[in-house]
Amino acid sequence: MLTLYGARGSGAAAIEAALLIANRPCRVVEAATWFPGAALDELRSVNPLGQIPTLELEDGSVLTESAAILIHLGLAYPDAGLLPVDAAARAQALRGLVYIAANCYAAIGVIDYPERWCADCDEATGERIRAGTRARLHALWDGFADTFPPRPFLSGARLGALDLLAAVVSRWSGARAHLAEHRPALHECLRTIDTDPRLVTLFERHWPPPQ
Ligand SMILES: N[C@@H](CCC(=O)N[C@@H](CS)C(=O)NCC(=O)O)C(=O)O
């Protein structure tokens with residue numbers, strides 16, 4: 001069986017969603033660097049960075065990096081439609097996945113841990129790094145919206161891996177509120193993905209709606 005290391009509200013939600021669409025059960029291990037303990041030790045034994053999502057495949061090999069995991073699942077389970085069949089559309093979906101991982105997700109890592117990116121980082125410097133990175137993140141989402149228009153999904157006719165990663169990574173650092181104001185078409189598409197009948201329960205577990 002597949003083993004997914006993840007935590008509530010983390011990028012592991014995108015992988016859980018892909019596995020749900022592909023109808024592949026998995027064992028979920030709740031682990032994250034912000035939850036010290038035995039599960040984190042287990043996670044670090046397979047991914048020394050301790051980052052999630054981390055997916056252990058049936059043969060014991062380990063996959064990290066959300067875009068790589070989603071591409072793998074798209075190739076391993078083609079019937080799930082996670083990647084477009086048409087080569088040109090698939091190329092753009094791969095571009096979009098790497099765009100989000102390399103630009104938007106990476107910015108989140110700076111916002112969460114500015115001290116990792118700055119020598120002798122004091123509180124005020126950390127806050128300045130956070131503010132600048134957040135503005136950059138929002139501009140990166142604008143660029144994403146301008147490059148990858150929904151048709152009606154980001155993956156094309158069918159909801160796919162690109163939709164899942166966009167729906168999850170846009171949850172952080174005010175990106176949704178920014179997009180609602182500045183790129184409403186993408187925001188609307190993300191709401192459609194959130195409320196897909198196959199996924200709504202999973203997403204609400206990760207991001208409970210306000211009561
Ligand atoms: N490049 C990785 C980034 C993964 C990542 O940063 N995950 C976050 C949680 S959403 C994490 O585990 N952060 C903990 C840490 O870096 O200490 C990917 O695309 O999957």
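**A short note on this predicted model**

1. Let's start with the overall size. The chain has 211 residues, and its radius of gyration is 17 Å, which agrees with the value near 17 Å for a compact globule of that length. The radius is taken over C-alpha atoms, and the globule rule is 2.2 Å times the number of residues to the power 0.38. Along the principal axes, the C-alpha atoms fill a box of roughly 50 × 40 × 40 Å.

2. A word on how to read the values. This is a predicted model, in which local features need pLDDT of at least 70 and side-chain atom pairs count only at pLDDT 80 or more, while totals for chains, interfaces and linings use all residues. Residues are numbered from 1 along each chain as its sequence is written, and side-chain values use heavy atoms, with hydrogens and water left out.

3. Next, the fold. You will find nine helices and four strands in the chain, in the order β-α-β-α-β-β-α-α-α-α-α-α-α. Here helices (H or I, at least four residues) and strands (E, at least two) are DSSP runs, numbered from the N terminus.

4. Now look at the loops. N23, in the loop between α1 (12–21) and β2 (26–30), has a positive phi near 60° although this residue is not glycine. The loop between α2 (38–46) and β3 (54–56) holds P53, and the peptide bond from I52 to P53 is cis, with omega near 5°. Another cis bond joins R151 and P152, with omega about -10°; P152 lies in the loop between α5 (123–147) and α6 (161–169).

5. Which residues come nearest to the ligand? Of the 13 around it, they are T33, I52, E65, S66 and R116; a residue counts as near if one of its heavy atoms lies within 4 Å. The shell has six nonpolar, five polar and two charged residues. In this count, Ala, Val, Leu, Ile, Met, Phe, Trp, Tyr, Cys and Pro are nonpolar, Asp, Glu, Lys and Arg are charged, and the others, Gly among them, are polar.

6. Finally, some atom pairs to find on screen. In the side chain of R116, an N or O atom is 2.7 Å from an oxygen atom of the ligand. A polar side-chain atom of Q51 lies 3.3 Å from a ligand oxygen atom, and one of Y105 lies 3.3 Å from a ligand nitrogen atom. The protein buries 88% of the 510 Å² that the ligand exposes when taken alone (Shrake-Rupley method, 1.4 Å probe).

Conventions: A polar contact is a pair of N or O atoms within 3.5 Å; within protein, one must be able to donate a hydrogen and the other to accept it, and residues adjacent in sequence count only if both atoms are side-chain atoms.
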